[in-house]
Amino acid sequence: MRRNKMRVTGAVAVSAVLALGAVSCSDDDGGSGGSGDEITIGFMGDLTGENSGLVVPPFQGATLAVDQYNATNPKIKIKLKRYDTQGKAEQATTQVQGAIKNDKVVGLIGPAFSGESQAANPILNEAKIPSVTPSATQTDLAEKGWKYWHRVVADDATQSVGAAEFLANAGVKKLFTVSDNKDYGLGLAGAVGKAMQAKGATVQSDAVNDKGTDYSSTVNKINQAKPDAVYFGGYYAVAGRLFKQLREGGYKGKMMSGDGSLATGLLEGAGQANAQGTLLSCGCLIDTAGKTNEQTKKFAADYKAKFKADVAIYSTEGYNAATAFIEVIKTGKKSSEDINEGLKSVSFQGIGKPIKFDEHGELAAQDIYIYEVKDNTIPLLGNSKEAKVA
């Protein structure tokens, strides 16, 4: 069906603390990952840190998929074990080693962020443990030569083209990009800038300290440049602080960020009034009302029934990542190498998108969607090719 024709009026909403507390998956300590008729799949990401609002939803999506699968009383059951990195690469490195050596995981959903993926995936690759990330979008992750790596979301190169296409259609001719100077944010902001330059726009750029709180230097540069739009590459905690200071500093133009900022934490950081009209790009389709098709409608209903919350950013991608493993395991494959081999040919209609990996572990089909803050919600405007500012 033509998803780019749909409009979703629901809101992106998640309370990371309450949502995580509501999870009732088969996560526990101890046990062997591949013994008997049960195998262990890990989920790794920032589950309690300042950007956990981006990671709790995909964890819940993965939990739902595993619980639904285990409820069918399959021959091979799955234990889903979570690893909280708080988004820190050094914690991802330590935890992935424990997951492999102590918990004997045969697969990993994640890591959730690009920086921790850079740190953990070489270890996973060496140990021959397949991973499927629901949300790490840095473009060059697919260029590392990792044979056990996959993702179920469009990369930043695709996102940058979609964002630039939308901004150009919105009449933006002067763009100012800002990044948090980290792997994901720097790559995304730079790619959006290059894509806009290719469309004839003038682009200036700057970076902020993700641990800082005073961005007045960057705000002054932006006000002097008088751009039509500012695009921030990074996560919502920093985006909220930056956008708050931009509005309070008198900037009147468009503000936009990527998937790393698509969470209600952005509104909390910027303040609801300052956040109004903020635009966001993402390779994820968030259909809170289940209006896209019957499959997304059932997923949205099942998700809300289990977690007492609407689907949010990467909920569907977490579900799809887990389902990729499940589809292979259902064929009787239990070892990490056999599962990785099965992922090469897995093909199914996931929630909101077809799931099939190319030789680099990327999705064969990719779309980018645009969202806009309205009141205390972040509804979908539509596909980047056709979306228009409300």
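These notebook entries record what I looked up in a predicted model.

**Entry 1: helices α5 and α6.** I began with the packing of α5 (residues 156–169) against α6 (residues 183–198), and found an angle of about 45° with the axes 8 Å apart. That angle makes α5 oblique to α6. I noted the crossing of α5 past α6 as right-handed. I then listed the contact residues: α5 contributes Asp-156, Gln-159, Ser-160, Ala-163, Ala-164, Leu-167 and Ala-168, while α6 contributes Tyr-184, Leu-188, Ala-191, Val-192, Ala-195 and Met-196. Sorted by class, this contact holds 10 nonpolar, 2 polar and 1 charged residues.

**Entry 2: the largest pocket.** I looked up the volume of the largest pocket and recorded about 480 Å³. Its lining comprises 20 residues, with Gly-87, Lys-88, Lys-182, Asp-210 and Lys-211 the closest to the centre. Helices α3 (89–101), α4 (114–127) and α6 each give two or more residues to this lining. I counted the lining by class as 10 charged, 5 polar and 5 nonpolar.

**Entry 3: cavities.** I searched the whole structure and found 3 cavities of 30 Å³ or more. The largest cavity has a volume of about 90 Å³. Of the 12 residues that line the largest cavity, Gly-283, Lys-353, Ala-365, Gln-366 and Asp-367 lie nearest its centre. I recorded 6 nonpolar, 3 polar and 3 charged residues in that lining.

For the second largest cavity I noted a volume of about 70 Å³. Among its lining residues are Leu-54, Phe-113, Tyr-235, Asp-259 and Tyr-314. Tyr-184, which I had listed in the contact of α6 with α5, also lines the second largest cavity. The lining of the second largest cavity divides into 7 nonpolar, 4 polar and 1 charged residues.

Conventions: Residues numbered from 1 in each chain as written. Predicted model: local features only at pLDDT ≥ 70, side-chain atom pairs only at ≥ 80, totals over all residues. Heavy atoms only, no water. Axes fitted to C-alpha atoms, helices over the stretch in contact; angles between N-to-C directions. Helix = DSSP H or I, 4+ residues; strand = E, 2+ residues; numbered from the N terminus. Parallel < 35°, antiparallel > 145°, perpendicular 65-115°, else oblique. Left-handed = near helix turned anticlockwise from the far one by under 90°. Contact = heavy atoms within 4.5 Å. Nonpolar A, V, L, I, M, F, W, Y, C, P; charged D, E, K, R; others polar. 1 Å grid on protein atoms, 1.4 Å probe; cavity = no way out; pocket = protein on both sides within 12 Å on 5 of 7 lines; lining within 4 Å. Points joined across faces, edges and corners; volume = space filled by probe spheres on them.
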